[in-house]
Amino acid sequence: PVQFRLNHLQDPRAVAVLERVAQMSDWAVRGDRCLGVALGRYKNKAAYVGVVAEVVVTEDLRVQRLWAAVDAGTVINPDGLRNQIEGGLIQALSWTMKEEVQCRDGVVTSCDWEQYPILTFSEVPDEIVIDLIERPDDPPLGAGEAAAGPLAAAVGNAVAVALGTRIRHLPLSR
């Protein structure tokens, strides 16, 4: 999956992000780990984010580790950007694994936290590693919610590796 993407990418910044996240996660030595990779550029003009997710699927889905490489141009506040990306990864993980508005007869029925569950602290991955690619000579790109798309895609790709089949509807739950 990483090499396939590299073979088809022409944007050198996207290539650098993908190579960095693959290196961070030891992609080349996957072994029996169920890894998924994804890459996105926020709003097609802002930060690049590459994500690798490691999942375990038993009766339930568990994301054990996440790696993210980010190119946001000149970074004014590196700690703030890391916090933004980490928060975005966790929020998107909640959307991807749990959150779903349910309706019956055109009426929303998920009106409380039992009917609309979100990710709990115990479900947050054991390890989240974020690496910023320094580009001090380039203008800031803006990060916003740059982690959301690649996170969902990386988890979906990892689940497909684990199950041997692709699930196409969110949330990714039993």
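Asp26 lies in the loop between α2 (12–24) and β1 (34–41), where helices (H or I, at least four residues) and strands (E, at least two) are DSSP runs numbered from the N terminus. Its phi is near 55 degrees, a positive value in a residue other than glycine. With a relative accessible area of 46%, Asp26 is partly exposed, a class that falls between buried (under 20% relative accessible area) and exposed (over 50%), computed with a 1.4 Å probe on protein chains only.

The model is predicted, so that local features need pLDDT of at least 70 and side-chain atom pairs count only at pLDDT 80 or more, whereas totals for chains, interfaces and linings use all residues. Residues are numbered from 1 along each chain as its sequence is written, and side-chain values use heavy atoms, with hydrogens and water left out.

A positive phi, near 55 degrees, is also found at Asp105, again a residue other than glycine. Asp105 is placed in the loop between β4 (103–104) and β5 (107–108), and it counts as exposed because its relative accessibility is 75%. Another backbone feature is the peptide bond from Leu170 to Pro171, which is cis, with omega near 0 degrees; Pro171 belongs to the segment after α4 (148–163).

The interior can be described through its nonpolar cores, each a set of buried Ala, Val, Leu, Ile, Met, Phe, Trp, Tyr and Cys residues joined through side-chain atoms within 4.5 Å. The largest of these has 35 residues, and those with the most contacts inside it are Ile85, Leu89 and Val155. At least two residues of this core come from each of β1, β2 (48–57), β3 (61–71), α3 (78–97), β6 (127–132) and α4. Once its neighbours within four places in sequence are set aside, Leu89 is in contact (heavy atoms within 4.5 Å) with Val51, Leu66, Ala68, Ile128, Ile130, Ala147 and Leu151. In soluble globular proteins, nonpolar side chains tend to be buried together.

The cysteines remain to be considered. If a disulfide is taken as a pair of cysteine sulfur atoms within 2.5 Å, the count comes to zero disulfides. Cys103 is in no disulfide, and the nearest cysteine sulfur, that of Cys111, is 9.1 Å away. Cys103 counts as exposed because its relative accessibility is 54%, whereas Cys34, at 18% relative accessibility, counts as buried.
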